[in-house]
Amino acid sequence: MEPVPCFVGGAEVPLGAGFDKHDPATGQPNARVAEADADLVDAAVSAARAALRGPWGRTTPDQRIAFLERLAAHMEANLAAIVAAEIADTGKPVTVTTNIEIPRAIANVRAFAAIARQAPEETYETKVAGGKARNRVLRHPVGVIGIVAPWNLPLLLLTWKVAPALACGNTIVVKPSEHSPRTALMLARMAKACGLPDGVLNVVHGHGTSAAGQFLVSHPGVDAVSFTGETRTGEAIMRAAAAGPRPVSLELGGKNPALIFADCDLDAAIAGTARSMFDNCGQVCLTTERVFVERPIFERFAAGLVAAAKALKPGDPRAPETTLGPAISAVQREKVLGLYATAKAEGAQVLAGGGALEMPAPFSHGYWVEPTLWAGLPDTAEICRREVFGPCAHLSVFDDEDEVVARANASEFGLAATVWSTDPARVERVGAGLESGTVWANCWRVRDERAPFGGFKRSGIGREGGARSLDFYSELKTLCVFEPAA
Ligand code: NAD
């Protein structure tokens with residue numbers, strides 16, 4: 001089995017204690033992953049602290065930008081190997097991994113190089129007795145950043161954090177998900193090959209609670225914590241970061257609505273909504289799980305979605321025709337199937353799927369679930385409130401714009417929402433009314449690295465993207481210099 005070691009102080013650490021990682025498509029073990037103990041996490045934080053005082057601490061922004069550009073080019077040259085590692089961890093279909101997810105991760109690294117290059121200078125002049133004061137805003141690295149990442153878009157989500165943190169001159173200890181350790185290790189190896197000094201980017205593997213994740217976020221040598229994952233984990237991480245206190249960036253869960261108006265382009269709305277439900281087997285924080293359809297088009301829209309669900313092709317993740325991969329783990333599969341059972345018990349009308357997906361060998365022991373659509377439940381049903389994180393959604397009818405905005409907002413989450421309508425005035429009104437960090441109109445999951453991204457309510461704290469990322473990964477200092485009148 002492939003060994004996946006930790007990476008500390010520029011060196012791979014002999015494996016020691018570890019755990020088996022399973023291929024989600026087959027259910028067979030395919031890697032032996034190191035489990036970092038508290039001492040190794042401490043060593044990683046110490047290496048990151050020492051690196052701040054080394055050559056990295058003396059780099060200019062231009063040198064760091066040049067490093068990120070070299071890294072992006074190196075990632076591009078190694079695209080096939082990164083794709084293979086990501087598939088081995090997640091079972092994602094090769095087409096989406098090769099054409100979308102890894103290229104987007106590379107694009108992130110380049111984008112944050114450009115964002116750092118274009119960071120505006122802030123200067124304010126203040127009149128004071130006898131002259132003026134010039135206030136210049138300077139950026140200083142925060143220090144050692146602890147990054148805790150999820151498994152659903154492993155490398156892509158990591159680059160949202162690692163690239164701006166490096167651009168701002170920080171050092172990093174990453175704890176990737178125990179379900180997707182490979183590409184974080186590859187990133188550290190590639191960064192070293194591109195000349196990143198030892199200790200600047202460290203990777204510790206392992207589990208979360210009472211393990212490497214918790215050791216990292218509660219380590220007093222970590223100056224800030226950046227986390228993407230479940231809301232409950234975010235609460236635990238915020239409690240840990242309260243000691244200090246240290247700043248936290250939390251990108252958390254969602255229960256994202258799609259609002260389908262009768263004046264939409266129906267074919268585009270069906271195709272876009274299907275993608276927003278079934279991409280990555282529904283394991284995207286931005287996935288649509290609540291669909292509100294205006295009454296006159298409900299039947300046609302629902303029929304179109306059912307057809308899209310049935311057209312998905314589960315299968316070998318490495319085959320180009322495959323469009324549906326498995327859930328990430330046996331535990332996640334059981335969670336999804338448990339919620340499918342809840343939907344049935346709550347009286348849902350099952351429009352498509354509803355259970356486990358039986359697959360032929362060698363995938364018969366993989367973690368497959370059926371793409372699933374329900375209707376007929378009230379908004380208060382558990383399946384309409386709780387994030388499933390699977391390829392499923394509930395469809396319901398609406399009659400009125402204000403009604404549907406209120407129903408879409410009646411959620412403890414507020415990460416992303418999608419509106420399908422050809423009326424620009426309606427798009428503006430509805431977009432303004434939705435309590436959501438991102439609202440897409442007539443598209444889905446279009447992201448510009450310069451735009452802020454994050455959640456309202458229990459979907460998160462803070463924003464990633466553009467200047468917001470630079471601000472999180474920088475201590476801002478005002479240098480106020482008195483200049484006497486000539
Ligand atoms: P998770 O919270 O279970 O795990 C995320 C990471 O946290 C893992 O690395 C895990 O080991 C670690 N962890 C768990 N408990 C910890 C603790 N007590 N202390 C420190 N670390 C701990 O989430 P997941 O299952 O990996 O990811 C799915 C969730 O992530 C979903 O809720 C999804 O909506 C959310 N998500 C949000 C975004 C976003 O941008 N808002 C993006 C992707 C995923």
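What follows is a short chat about the ligand site and some backbone features of a predicted model.

Reader: How many residues surround the ligand, and which are the closest?

Author: In this predicted model, the ligand is surrounded by 31 residues, and the closest are Lys175, Glu178, Thr233, Leu252 and Glu387.

Reader: And how do the residues of that shell divide into nonpolar, polar and charged?

Author: The shell around the ligand holds 14 nonpolar residues, twelve polar ones and five charged ones.

Reader: Which helices or strands each supply at least two residues of the shell?

Author: Those are α7, spanning 212–217, β11, spanning 224–228, and α8, spanning 231–242; of the elements, α7 gives the most to the shell, with three residues.

Reader: Okay, polar contacts next. What lies 2.6 Å from an oxygen atom of the ligand?

Author: That is a polar side-chain atom of threonine 233, a residue that is also listed among the closest to the ligand.

Reader: What about the backbone of alanine 149, and that of glycine 208?

Author: A polar backbone atom of alanine 149 is 2.7 Å from an oxygen atom of the ligand, while for glycine 208 a backbone N or O atom lies 3.5 Å from a ligand oxygen atom.

Reader: How much of the ligand's area does the protein bury?

Author: The ligand taken alone exposes 850 Å², and the protein buries 92% of that area.

Reader: Which pocket is the space taken by the ligand?

Author: The ligand takes up the space of the largest pocket.

Reader: Switching to the backbone: which residues does a cis peptide bond join, with omega about -15 degrees?

Author: That cis bond joins glycine 244 and proline 245, and proline 245 is found in the loop that runs between α8 and β12, the latter being 248–251.

Reader: And the cis bond with omega of about 5 degrees, which residues does it join?

Author: Alanine 361 and proline 362 are the residues joined there, with proline 362 placed in the loop between β15, at 349–352, and β16, at 372–375.

Reader: Last one: what is the phi of cysteine 281, and where does that residue lie?

Author: Cysteine 281 has a positive phi of about 55 degrees, although it is not a glycine, and this cysteine lies in the loop between α9, which is 266–278, and β14, which is 288–294.

Technical notes: Residues numbered from 1 in each chain as written. Predicted model: local features only at pLDDT ≥ 70, side-chain atom pairs only at ≥ 80, totals over all residues. Heavy atoms only, no water. Near = heavy atom within 4 Å. Polar contact = N/O pair within 3.5 Å; in protein donor to acceptor, adjacent residues only side chain to side chain. Areas by Shrake-Rupley, 256 points an atom, 1.4 Å probe, with all protein chains shown as cover. 1 Å grid on protein atoms, 1.4 Å probe; cavity = no way out; pocket = protein on both sides within 12 Å on 5 of 7 lines; lining within 4 Å. Sits in = over half its atoms within 2 Å of the grid points. Helix = DSSP H or I, 4+ residues; strand = E, 2+ residues; numbered from the N terminus. Nonpolar A, V, L, I, M, F, W, Y, C, P; charged D, E, K, R; others polar.
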